[in-house]
Amino acid sequence: MNQGRKEIIQVVFVVVAVIFLLKLFIIQVIDRSYADLADTNAIRKDVLYPVRGLILDRNGKLMVYNNPEYDLLIILKEVDYLDTARFCHVFDITPEQLRASFESLYTDIRNRRASELQPTPFIKQLSNRDFAKIQDHIDEFEGFYIQARTTRAYSSPAMANAIGYVSEITKNQLNNDSTNFYRQGDYIGQSGLEAFYETYLRGTRGVRYQLRNKDGIIKGPYKDGRYDTLSVPGQDLYSTIDINLQEYGEYLMKGKSGSIIAIEPATGEILSMVSGPSYDPAMLTGRNYSSNFQLISNDTNKPLFNRPLMAQYRPGSIFKIAQSMVALQEGVLTPETRIRCNRAIIDCHGDHTNEDLRGAITHSCNPYFREALRRMLNQGASNDPYEDTRIGLTKWAKHIESFGFGDPLGIDLPNEKGGLVPSPAYYDRAYGGRPWKFSNIYSISIGEGENLVVPLQMANFVSIIANRGYYYTPHLVSSIGKSGIPLSQYQEKHYTSIDPEHFQVAVDAMERVVAAGTGQFRAKLKDIIVCGKTGTVQNDPLPDHSVFIAFAPKENPKIAVSVYVEDAGQGARAAASIASLMIEKYLIGETQRPIIEDYVLRGQFLY
Amino acid sequence: MMREEKISNRMDWITVLLYGIIVFWGWLNIFSVTYEENQFILDPSINSGRQLIFIGSSIAIIMFILIIDMRFYETFAWVIYGAVLFLCLIVVFTGHEVGGNQAWLRIGSFGFQPSEFAKFATALVVAKYISTVGFRMDQFRNQVALFAIILAPMLIILLQKDTGTALVFSAFVLVFYREGMSPFLILVGIGITIIFILTLLVENEYILFAIIGCVWLTLLLLGKKKRRRITIITVAALMLMGTIKSVDFVFNNVLQEHQQKRIRVLLNPDLDQLGAGYHVYQSKVAIGSGGKYGKGFLKGTQTKLKFVPEQSTDFIFCTIGEEHGWIGSFLVISLFMALLFRIVYLAERQKSRFARVYGYSVACILFFHFTINIGMTIGLFPVIGIPLPFFSYGGSSLWGFTILLFILLKLDAHRLQVLDRV
């Protein structure tokens with residue numbers, strides 16, 4: 001009656017064993033994902049953040065360094081119970097903020113951007129003062145850990161725009177990071193030198209793997225630390241900036257809009273680069289980054305707008321020097337050529353009638369340069385006056401561009417603008433196909449009209465004059481780490497299309513501008529020959545912009561300066577004063593003309 | 001003459017050897033779970049040290065079992081059964097709660113789980129009852145009596161909130177089947193389980209109704225149209241639908257909340273990896289991470305770092321899976337298969353029905369533990385906390401299984417002295 005039941009029972013045993021072995025084969029041998037899961041379970045990975053490179057000025061003074069900062073991390077799985085009232089008290093946050101933090105954590109976990117098993121940033125950038133208090137209480141809160149990192153600190157409130165700022169990487173930046181270097185929550189240079197030299201400054205992250213048990217308690221290194229790496233600090237940047245000169249420039253620019261750029265002509269090293277108005281870089285570090293960023297970016301004075309590189313202005317009369325060089329090179333003028341100051345077509349100023357080239361520069365004679373440009377553009381290459389102007393303008397634009405106008409120079413900062421050198425194609429577009437000739441476009445002869453330059457290009461231009469015909473691309477970093485050399489593009493000498501012998505005329509004329517011309521009252525220094533040129537740029541209906549370019553001393557120039565002060569009237573006033581004070585400060589070390597300094601600081605330039 | 005022969009010559013040493021290997025390997029694994037650097041396997045403050053004490057005392061128990069006259073077990077079956085059930089009842093009222101189960105009796109500092117002993121006691125009574133002269137499995141009265149014998153300990157243990165151990169007694173159904181009970185009951189049990197799971201899986205119960213309706217119609221139209229057949233098919237279909245309707249009720253009202261969760265997790269393993277699904281998830285991760293050959297003895301990270309809960313007791317198999325890989329799992333399963341087959345072989349060679357039924361009871365109880373325990377660690381069964389026999393840490397369970405097995409070996413050693421009464 002019970003035949004075969006013994007066998008059936010044994011078959012049942014075997015079937016169960018076979019099912020088990022198959023299932024085990026699937027999870028142990030075929031599906032390898034469990035091995036990874038086991039690793040994330042048991043191995044705690046700590047990222048060791050490298051110290052970001054420092055930034056020093058040209059005399060080795062520390063400009064940017066690092067302050068320790070602390071993030072509060074959470075391992076959600078380890079949080080069994082949380083006394084929220086106590087938590088809010090210790091960490092000095094409101095229950096709403098705590099709830100918001102948890103909600104964003106849950107969202108991240110749902111979207112698999114975070115894991116409940118891994119440490120995840122919960123409150124970022126506890127300040128130093130907070131940390132002292134928190135350190136004593138962190139043990140009360142299971143599942144919470146402190147992670148040390150560093151945040152940027154500045155020894156001076158100067159140079160904010162050129163240095164730039166560092167903040168947490170944005171989602172877009174993370175998505176666009178093709179090198180896959182960054183992780184969420186990483187810090188990245190967002191502007192200025194911090195952004196341009198990001199790859200040098202950031203260093204290399206290290207990692208430490210440790211075994212931990214289910215309570216997160218560390219049980220020692222994983223495989224004796226075989227896979228651990230140390231973090232490598234970022235490289236320091238040796239800047240070309242003279243921080244004293246920079247601070248002085250910002251002091252002078254207080255309350256004004258505009259820029260000062262000072263360059264060492266022989267090397268292209270930028271000695272100072274002032275953008276006014278500015279902000280305190282310390283505002284964009286630490287816990288209050290977001291609120292301060294809102295504040296600064298909503299400021300109607302646009303402190304984040306880096307004027308030396310980004311503000312495109314008409315150059316004004318300083319452009320007459322470039323016109324002179326082009327005319328000499330093209331042979332349409334000689335230094336001795338005299339042209340009558342015919343004020344019927346274009347207005348002029350001052351007391352002169354029939355100057356040669358030097359005199360025309362000294363007195364900034366508008367009719368002279370109108371006529372010079374006419375000769376340059378209409379050289380008789382074609383009988384058609386329209387075609388003739390096209391040919392002339394094409395040549396002219398090529399020369400002008402060789403001074404570094406019309407395109408970004410390639411400074412070691414992001415977001416540099418190029419200005420505009422009008423070409424025939426530009427006027428074709430502007431005139432919508434209607435014909436144009438010299439009489440339509442002559443205002444470019446005196447730096448008005450369609451020309452646009454950025455202040456950095458003006459400074460580079462005056463460096464070229466100081467160097468008598470060449471330049472090094474202006475740059476802010478002379479050495480990355482201990483290399484002692486700047487990036488290769490800053491070691492290359494650029495010549496203009498003008499023969500060097502023509503520059504002496506410009507140098508002589510600029511000397512006379514300061515010695516006896518428009519710049520004599522405020523730009524002249526006692527023992528140093530300053531060569532300069534004023535510019536007063538029309539800015540209807542607002543007051544004119546005040547422009548001055550200068551270099552000194554005349555022989556072996558050590559400093560070339562361009563100053564652009566918005567809405568400040570004549571170039572001989574605000575800009576000339578500031579430029580000469582900068583030269584004085586750099587070459588002598590202090591100002592010997594307190595009256596001029598007071599004049600600048602008072603800021604009353606319109607009268 | 002045979003009486004004078006030494007018991008050592010009549011012992012089934014193959015079983016003893018298998019028992020020894022499993023216990024020893026289990027002990028090594030318990031050490032591996034608790035292992036921390038510079039720890040000594042015999043340190044009595046850790047589980048492996050204590051387990052060695054349990055193993056030592058088990059040997060004493062074995063001696064005792066072998067010395068006692070073999071007739072004692074049959075004669076005093078009811079007394080033992082009564083005594084153990086009484087202890088279990090005491091536990092219900094005075095018991096000490098461990099891990100949600102109120103199954104522990106405290107004597108001084110010593111915890112002790114009487115329900116572990118209810119298994120061999122019930123096996124003895126079942127064997128004794130079935131071997132009674134005049135017992136017929138096809139008699140309804142006898143069937144009722146048998147089910148009463150296994151239901152009594154089940155209910156008492158359920159009162160201790162130890163569902164796992166209570167369920168072990170259903171293993172006796174397989175013994176009854178071997179002794180001639182109609183397989184109908186087992187099939188109905190399996191069928192109800194399938195329907196239960198289907199109902200939980202399929203959101204809309206009307207789909208199931210529709211399927212049953214279709215099958216019912218097909219059977220009606222295809223088969224012979226005898227009245228008896230139509231009645232049976234129709235009643236069966238209605239009963240099925242009733243079962244489906246009652247599943248929700250049973251699920252929500254009869255099962256405890258954590259049991260509901262465990263079943264839901266089984267059906268949908270990703271449901272709650274940190275809550276109810278945590279055990280199974282971590283257990284699968286541990287076993288799965290072992291790979292083909294495992295991470296090596298004492299080198300498992302998951303078990304060592306205590307990700308798997310209750311790893312020296314109910315989840316001891318994780319350590320095997322993690323540290324010894326699929327090969328290790330294969331060896332453990334093979335060892336248990338060898339033991340089960342040996343026990344069935346021993347049972348079949350008994351001359352007395354008592355010894356044979358007892359032998360099958362041993363096999364079926366061990367098989368049930370083996371199936372549920374390993375099945376739950378790899379996510380095939382809901383988490384029901386019952387130990388892996390001889391392997392899991394714990395005194396009561398080791399003693400309970402040792403007694404269970406060695407009574408059989410004692411009976412087997414004297415099998416030739418028994419007069420065939422059947």
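Predicted model: local features only at pLDDT ≥ 70, side-chain atom pairs only at ≥ 80, totals over all residues.
Let's start with the interface. On the chain B side, 48 residues are in contact with 35 residues of chain A. The area buried between the two chains comes to about 3800 Å², and carbon and sulfur atoms give 74% of that. Which parts of chain B supply at least two residues each to the side that touches chain A? Those are helices H9 (172-178), H14 (278-288), H15 (301-304), H16 (317-348) and H17 (353-377) of chain B. H16(B) has the largest share, with twelve residues. If you sort that side of chain B by class, you get 27 nonpolar, 13 polar and eight charged residues.

Now, over all chains the structure holds 29 salt bridges, and I picked out three of them. Arg52(A) pairs with Glu198(A), with the closest N and O atoms 2.8 Å apart. Arg52(A) is in the loop between strands S1 (43-48) and S2 (55-56) of chain A, while Glu198(A) is in helix H9 (residues 198-201) of chain A, so this pair ties together parts 146 residues apart in sequence. Both of these residues are buried. They also belong to a salt-bridge network that links Arg52(A), Arg152(A), Glu194(A) and Glu198(A).

A polar atom of the Asn66(A) side chain lies 2.8 Å from the backbone oxygen of Arg52(A), and the side chain makes a polar contact with the side chain of Arg152(A) at 2.9 Å. Is Asn66(A) buried or exposed? Asn66(A) counts as buried, because its relative accessibility is 15% and the cut-off for buried is under 20%.

Next pair: Asp428(A) and Arg390(A), again with closest N and O atoms 2.8 Å apart. Asp428(A) lies in helix H17 (residues 424-430) and Arg390(A) in helix H16 (residues 385-401) of chain A, so the bridge ties together parts 38 residues apart in sequence. Asp428(A) is partly exposed at 27%, and Arg390(A) is partly exposed at 27%.

Last one, over in chain B: Lys119(B) bridges to Glu116(B), closest N and O atoms 2.8 Å apart. Both sit in helix H6 (residues 115-130) of chain B, three residues apart, about one turn of the helix.

Definitions and conventions:
Residues numbered from 1 in each chain as written. Chains lettered and ligands numbered in written order. Heavy atoms only, no water. Contact = heavy atoms within 4.5 Å. Buried area = accessible area lost by both parts, 1.4 Å probe. Helix = DSSP H or I, 4+ residues; strand = E, 2+ residues; numbered from the N terminus. Nonpolar A, V, L, I, M, F, W, Y, C, P; charged D, E, K, R; others polar. Buried < 20%, exposed > 50% of the residue type's maximum accessible area, 1.4 Å probe, protein only. Polar contact = N/O pair within 3.5 Å; in protein donor to acceptor, adjacent residues only side chain to side chain. Salt bridge = Lys/Arg side-chain N within 4 Å of Asp/Glu carboxyl O.
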